[in-house]
Amino acid sequence: MRADARRNRDAIIAAARTVFERDEQLRFDDFATRAGVGVGTLYRHFPTREALAAAVYQGEVEALCGQARDSVRPAGERLEVFLHTFVEYVVEHAALARTLASVVDPATQAEGGSELERTLGDLMASAVAEGAIGADATPGAVLVALHGIGSATDRPEWAAEARELVELVLRGLRAH
């Protein structure tokens, strides 16, 4: 992709992320105005609102997983940081997550979930090899706990409970 096309695509995704985060109701063509590009450029990159939401979702998953892979910390610490980062992300961006969940197709969500699980699996395997955690938990089980965080956002103490849950998970992983 040419540099200017990449910049335009990135500008559209950034504008859409802000719109979705605020749960604003815009006509699809208005995303172009928010991004400072023409409507043709919007449709060239994203033919539908769903395609645009999928790109935002994929970017969020890639950023979260990329952070975990880029660290030079010991494996146990990388796992801990990843789990805390995941929870803080969900707490800080609950509205974005709700909006994307309602727009992004299930196949794209499943793909993102698989990427999160692969990243978590790699972190856990490295932490097991390092001796930081036991080998008795699966990435899928940890991911189910993490996904539960997003389904309980209507609770009054949700953010504090989400942070407490990640500490419980970490204690359980370390108990070996």
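Tutor: A salt bridge is a side-chain nitrogen of Lys or Arg within 4 Å of a carboxyl oxygen of Asp or Glu. This is a predicted model, in which local features need pLDDT of at least 70 and side-chain atom pairs count only at pLDDT 80 or more, while totals for chains, interfaces and linings use all residues. Residues are numbered from 1 along each chain as its sequence is written, and side-chain values use heavy atoms, with hydrogens and water left out.

Student: With which residue does Asp 10 form a salt bridge?

Tutor: Helices are DSSP runs (H or I, at least four residues), numbered from the N terminus. The closest N and O atoms are 3.6 Å apart, and the partner is Arg 6.

Student: Is Asp 10 buried, exposed or partly exposed?

Tutor: Buried means under 20% relative accessible area and exposed over 50%, with partly exposed in between (1.4 Å probe, protein chains only). Asp 10 has 37% relative accessibility, so the residue counts as partly exposed.

Student: How many residues apart in sequence are the parts tied together by Glu 115 and Arg 69?

Tutor: The side chains of Glu 115 and Arg 69 meet in a salt bridge, at 3.1 Å from N to O. Glu 115 belongs to helix 7 (residues 106-130) and Arg 69 to helix 4 (residues 49-70), so the parts that this pair ties together are separated in sequence by 46 residues.

Technical notes:
Helix = DSSP H or I, 4+ residues; strand = E, 2+ residues; numbered from the N terminus.
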